[in-house]
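Me: I have a new model open and would like to go through it piece by piece. Can you take my questions as they come?

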Amino acid sequence: MSGTAAAGLETTDVILRDGSTLRLRAPVAEDADALLEFFGRLSEHSRYLRFHGFPALGPHLVEPLLEPDWQERGALLGSLDGRIVAVANWVRLRDPRAAEVAFAVGDEFQRRGIGTRLLERLATRAAGAGIEEFVAEVLHENDTMLGVFRNAGFAVTRAGERGELEIRLAIAPTDAYREQVAERDHVAVRASLEPFFHPRSVAVVGASKRRGSIGGELFRNVLGGDFAGSAYPVNRKGDSVAGVHGYTGVGEIAEQVDLAVICLPGELVFDAAEEALAAGVRALVVISAGFAETGSDGAERQHRLLALVRSHGARLLGPNCLGIASTAVRLNATFAPRSFPPGKIGFSSQSGALGLALLERAEASGLGVTSFVSIGNKADVSSNDLLEWWEDDDATELVVLYLESFGNPRAFARIARRLARRKPILALKGGTTRAGVRAAGSHTAALAGSDAAADALFAHAGVTRARTLDELIDVASLLSAQPVPRGRRVAVVTNAGGLGILAADACEAAGLELPPPSEATRAALAAVMPSEGSAANPFDMLGGANAESFEQALPPVLADPAFDAAIVLFVPTVGTDEEAVGAAISRAAAAAGDKPVLCAFLSAKGAPASLQSVAQVPSFAYPEAAAKALGRAVERGEWLRSPAGAVPELECERDAARAVVREALASGSDWLEPEQTRRLLDAYGLPLVPERLAATPDAAVEAADELGYPAVVKTAVAGAHKTEQGGVILDLGDGDAVRAAAEKIGGPVLVQPFVRGGAELLAGAVQDPVFGPLIAFGPGGVLAELIGEAQFRLAPLTDLDAGELVHSGKAGRLVAGFRGAPPADEAAVVDLLLRLSLLAEDLPEVVELDLNPVLALPDRCFAVDARVRVAEHGRSHRTKSW
């Protein structure tokens with residue numbers, strides 16, 4: 001959960017394992033009395049365990065906790081419903097790498113995970129101050145605190161047997177610790193969302209008896225969907241709605257309300273939410289607009305609403321959303337025109353109206369949902385939360401997302417990557433063009449990250465990205481009905497030769513292959529197909545093919561190990577029984593085992609119901625749609641079969657690199673000077689061609705004599721685009737040519753040896769303000785932007801990420817040896833990318849780094865030119881956001 005501000009104080013909200021929200025912040029002087037009251041409320045036993053005795057309650061007890069400087073001491077207090085329920089602090093010891101840590105949790109709030117959440121946040125802040133180890137003196141009988149330390153996930157050492165125990169925790173985050181935190185997050189988020197998806201009672205605030213009003217129609221939708229629980233209308237006069245007794249406030253309702261849906265003008269939402277929360281509601285859906293999407297005043301209103309919700313330990317869906325539907329309890333708390341068909345898709349949309357349009361298309365394709373969630377401005381509940389929910393929801397077999405922005409892309413990547421191993425995730429992202437980005441910002445008050453960054457995120461997380469609504473539905477239809485293909489080899493079976501040719505072209509465009517059949521398959525088909533037909537691939541059975549034809553031809557094709565999938569194309573002809581043909585295709589698909597079967601049934605009547613009679617065979621409008629959907633399914637299969645990879649440990653000189661960055665920032669310059677650039681790259685082992693800085697033409701000649709001819713002379717102006725500015729002259733054969741070049745360029749110059757041959761590549765890093773560090777790799781040289789096709793990946797790169805970049809796209813063809821050129825040293829290029837990734841991850845102040853070109857030779861690679869820009873850079877992409 002992201003940090004917010006309250007009364008000028010930075011706060012952090014964390015979810016506990018029971019689903020409630022704990023607010024954390026540093027204690028200030030004004031908290032002294034409240035802290036004394038907190039310690040006074042502790043039982044004698046709890047005070048004894050905390051202080052190892054019974055100290056007098058006075059200012060001296062709380063003063064060390066107030067106004068922490070986060071260098072020598074740190075402290076956090078936790079509150080629920082505005083009341084302090086826990087406090088924890090650390091103090092640096094004589095060994096500057098260690099700090100003593102202590103905790104106190106109110107008796108009635110123990111065993112809810114509060115101490116563990118405090119420890120997580122304290123450790124993060126302490127590590128930022130250079131603390132490597134927490135030390136705690138714990139009484140032997142303090143089982144609760146010992147359990148917190150034992151279960152946190154840190155490496156723990158313990159000394160002492162009786163009385164006091166000394167516990168030491170190495171607080172550097174390890175993989176094991178991150179897994180523990182992720183599991184705690186998962187359990188907590190799931191618990192917090194329970195009242196949204198399985199409410200026993202729902203109140204609709206703003207439910208009017210007037211037909212056509214949003215609140216009234218939403219309440220009628222709840223009733224019309226046959227909600228499994230109790231539903232209550234709430235309005236100003238307490239009027240009954242649709243025959244159900246009304247109330248003037250949620251507090252009047254005798255039953256505990258699990259979920260409140262607010263449909264009021266924006267300026268009235270806060271008071272309604274406050275009344276519902278005071279009545280014990282822990283899940284709010286705010287349909288109302290007038291919040292962050294409208295500008296600064298609306299953003300402030302949204303901020304106040306979220307602070308209110310979190311102060312009560314509750315969760316908020318919206319505002320500015322369409323609502324939520326959950327078929328598990330037959331809940332339709334939306335103002336959609338009708339209920340949602342049940343199925344196996346969990347669907348989230350950042351745009352309510354687009355979500356409805358998508359559901360209309362999905363229903364027409366025979367797809368249904370387990371739940372539909374319109375997240376709107378996603379002030380609190382986001383796609384990340386919903387992924388956590390659907391991960392353990394057995395009824396949800398497929399997740400579909402419409403996104404316009406990412407709150408915390410790193411958390412999205414971590415959660416989605418885990419979920420995608422078990423269930424497909426399909427995503428359609430708006431804001432992919434400059435116009436789309438502007439529209440996304442005004443529509444949902446969101447700042448969209450770059451499309452290349454989104455591609456990198458989806459590729460890392462195993463999310464299948466669709467580019468259009470039609471493609472999203474097509475891929476969902478395939479993955480919800482058929483197995484994931486084992487490879488790219490496709491058989492096309494048709495009764496129309498022209499369609500077969502179109503399908504073959506579409507398959508090639510989708511990266512699929514149409515291999516020939518085995519001889520055994522040819523022989524089997526020859527016995528059942530007309531002699532004029534084609535037993536090659538595509539298999540053309542001609543226009544007279546009927547149900548019997550498909551019944552006989554499909555089994556040998558699907559049994560052929562040469563194929564991983566089949567696309568069946570059919571155009572009805574006079575006298576053909578379409579239902580019988582559909583049934584034949586469905587029976588063949590059922591016997592195909594793990595090979596998916598797709599169909600393009602081009603009939604004016606649409607696909608026959610018999611296609612679903614035995615196996616669920618998805619039907620597509622045209623062959624191109626089927627091929628494109630199958631291509632996406634193949635990509636998913638390849639991702640599932642790929643190993644996870646590992647981030648290698650590489651030797652580097654981080655202190656030296658940080659010194660270069662500090663030096664540049666202190667000087668006020670953006671672009672590093674050539675000498676600074678070389679020092680930075682050297683610190684991370686990034687190879688750069690030998691060069692000398694020459695202040696005069698004569699010095700340039702001396703440098704060329706030393707480095708050898710032919711030579712290159714370049715401008716030494718920091719950050720210059722050398723080619724565009726005429727600042728580079730190549731292939732200089734002697735000293736006179738070097739002197740003339742230096743005089744022409746003017747000023748200090750760089751002199752390098754001129755290296756012939758090798759593939760010209762581009763490698764770079766950029767700090768995206770939303771996604772964090774991205775690594776770019778593609779064709780390089782002066783035509784890099786014109787050639788395009790640079791690919792991006794999120795840092796840190798694994799060894800497999802780097803290898804995939806080096807082997808794919810146009811750059812991969814250059815590395816492999818294009819048009820007779822010798823192959824480049826792949827291992828050297830992979831190592832360069834991994835070191836570049838490490839630098840970008842370690843140094844967020846390096847906001848741009850271009851190595852262009854990188855010359856990749858058969859035995860090595862090195863950068864010929866480098867440009868580095870630095871700036872003060874916050875780590876917003878690494879903050880926690882649910």
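Me: Which unit do β12, helix α8 and β13 make?
Reply: β12, helix α8 (residues 266-278) and β13 make a right-handed β-α-β unit. Right-handed here means that, with the strands pointing away from the viewer, the path from the first strand over the helix to the second runs clockwise. The helices and strands are DSSP runs numbered from the N terminus, with at least four residues of H or I for a helix and at least two of E for a strand.

Me: And where does the chain go from β13?
Reply: From β13 the chain crosses through helix α9 (residues 296-311) to β14, and this β-α-β crossover is right-handed.

Me: Before I go on, what sort of model is this, and how are things counted?
Reply: This is a predicted model, in which local features need pLDDT of at least 70 and side-chain atom pairs count only at pLDDT 80 or more, while totals for chains, interfaces and linings use all residues. Residues are numbered from 1 along each chain as its sequence is written, and side-chain values use heavy atoms, with hydrogens and water left out.

Me: Back to the strands. In which sense do β12 and β13 pair?
Reply: Strand β12 (residues 259-262) and β13 pair in the parallel sense, over 4 bridges. Two strands count as paired if DSSP finds at least two bridges between them. L259 stands opposite A283 in β13.

Me: What about β13 and β14?
Reply: β13 and strand β14 (residues 315-317) also pair in the parallel sense, over 3 bridges. There, L284 stands opposite L316 in β14.

Me: Which way do the β13 residues point, and are they buried or exposed?
Reply: In strand β13 (residues 283-286), A283 and V285 point one way and L284 and V286 the other, and all are buried. Buried means under 20% relative accessible area, exposed means over 50%, and partly exposed is in between, using a 1.4 Å probe and protein chains only.

Me: Change of topic: helices. At what angle do α4 and α6 pack?
Reply: Helix α4 (residues 114-128) and α6 pack at about 130°, with their axes 12 Å apart. Axes are lines fitted to C-alpha atoms, for helices over the stretch in contact, and angles run from 0 to 180 degrees between N-to-C directions.

Me: What does that make them?
Reply: α4 and α6 are therefore oblique to each other. Under 35 degrees counts as roughly parallel, over 145 as roughly antiparallel, 65 to 115 as roughly perpendicular, and the rest as oblique.

Me: Which residues make the contact?
Reply: T116, R117 and E120 of α4 meet Y177, V181, R184, D185 and A188 of α6. Contact means heavy atoms within 4.5 Å.

Me: Is E120 buried or exposed?
Reply: E120 counts as buried, at 2% relative accessibility. Leaving aside its neighbours within four places in sequence, E120 is in contact with Y177, V181 and R184.

Me: How do α11 and α12 cross?
Reply: The axes of helix α11 (residues 383-391) and helix α12 (residues 409-420) come within 9 Å and cross at roughly 20°. α11 and α12 are therefore roughly parallel to each other.

Me: Next, the sheet with β26. What is the strand order?
Reply: This open sheet of 4 strands has the order β26-β29-β27-β28, with antiparallel pairing. β26 (692-694) and β28 (728-732) stand at the edges with a single partner strand each, so one side of each is left without a neighbour in the sheet. The twist averages 25° from one strand to the next.

Me: Which helix lies across it?
Reply: Helix α23 (residues 697-707) lies across β26, β27 and β29 (749-753), and runs at about 20° to β29.

Me: Now α26. Which of its residues are buried?
Reply: In helix α26 (residues 799-807) the buried residues are D801, A802, G803, L805 and V806. They pack against β31 (772-779), β32 (791-794), α27 (809-816) and α28 (826-842).

Me: Last one: which peptide bonds are cis?
Reply: One of them joins N537 and P538, with omega about 15°. The bond from A795 to P796 is also cis, with omega near 5°. P796 sits in the loop between β32 and α26.
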